[in-house]
Amino acid sequence: MINWSVESEDALMTTYVYRYSVLGKTIEARVVHDKAINKYKLRFISIKPVNEIEISLLTILTPHFKFAIDYVQDNKVAMIYPSLELNYTMTCNQSVRMSTH
């Protein structure tokens, strides 16, 4: 089980964060819980530090998994976001599951 920390919370949304280290890299995932519709959504995954070779590899792999990538060169951070296509697919699948129950 993953222990998520609450980063921020208000009446409508809660932002959760999970950080861990792997092979000298800090990986951070952020998820938002929309309380109004009771849904969780992945905001982004960040990896730091990264070098140009790792960015090249991530750039090749992320489209296959329907993610987009940004690279913050000054901080050597890779930011991986769900693509709009993935968000749309997740929303459609949730709608189908809800309507079939």
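1. Rings of Phe, Tyr and Trp (its six-membered ring) are taken as a pair if their centres lie within 6.5 Å; planes under 30 degrees apart count as stacked, over 60 as edge-to-face and the rest as tilted. By this rule there are four aromatic pairs. One of them joins Trp4 and Tyr18, tilted, with 5.7 Å centre to centre and 50 degrees between the planes. Trp4 lies in the segment before strand S1 (5-9) and Tyr18 in strand S2 (residues 13-22), so this pair ties together parts 14 residues apart in sequence. Helices (H or I, at least four residues) and strands (E, at least two) are DSSP runs, numbered from the N terminus.

2. The model is predicted: local features need pLDDT of at least 70, side-chain atom pairs count only at pLDDT 80 or more, and totals for chains, interfaces and linings use all residues. Residues are numbered from 1 along each chain as its sequence is written, and side-chain values use heavy atoms, with hydrogens and water left out.

3. Trp4 is partly exposed at a relative accessible area of 35%, and Tyr18 is partly exposed at 23% (buried is under 20%, exposed over 50%, partly exposed in between; 1.4 Å probe, protein chains only). Ring pairs link Trp4, Tyr18 and Tyr20 into a cluster.

4. Tyr16 and Tyr40 form a tilted pair, 6.4 Å centre to centre with 40 degrees between the planes. Tyr16 is in strand S2 and Tyr40 in strand S4 (residues 39-48), 24 residues apart. Tyr40 is partly exposed, at 48% relative accessible area.

5. Six strands make an open sheet in the order S1-S2-S3-S4-S6-S5, with antiparallel pairing (two strands pair if DSSP finds at least two bridges between them). S1 and strand S5 (67-72) are the edge strands, each pairing on one side only. S4 and strand S6 (residues 77-82) pair in the antiparallel sense over three bridges, and Ile47 stands opposite Ala78 in S6.

6. Helix H1 (residues 52-61) lies across strand S3 (25-34), S4, S5 and S6 and runs at about 160 degrees to S5. Contact means heavy atoms within 4.5 Å; axes are lines fitted to C-alpha atoms, for helices over the stretch in contact, and angles run from 0 to 180 degrees between N-to-C directions.
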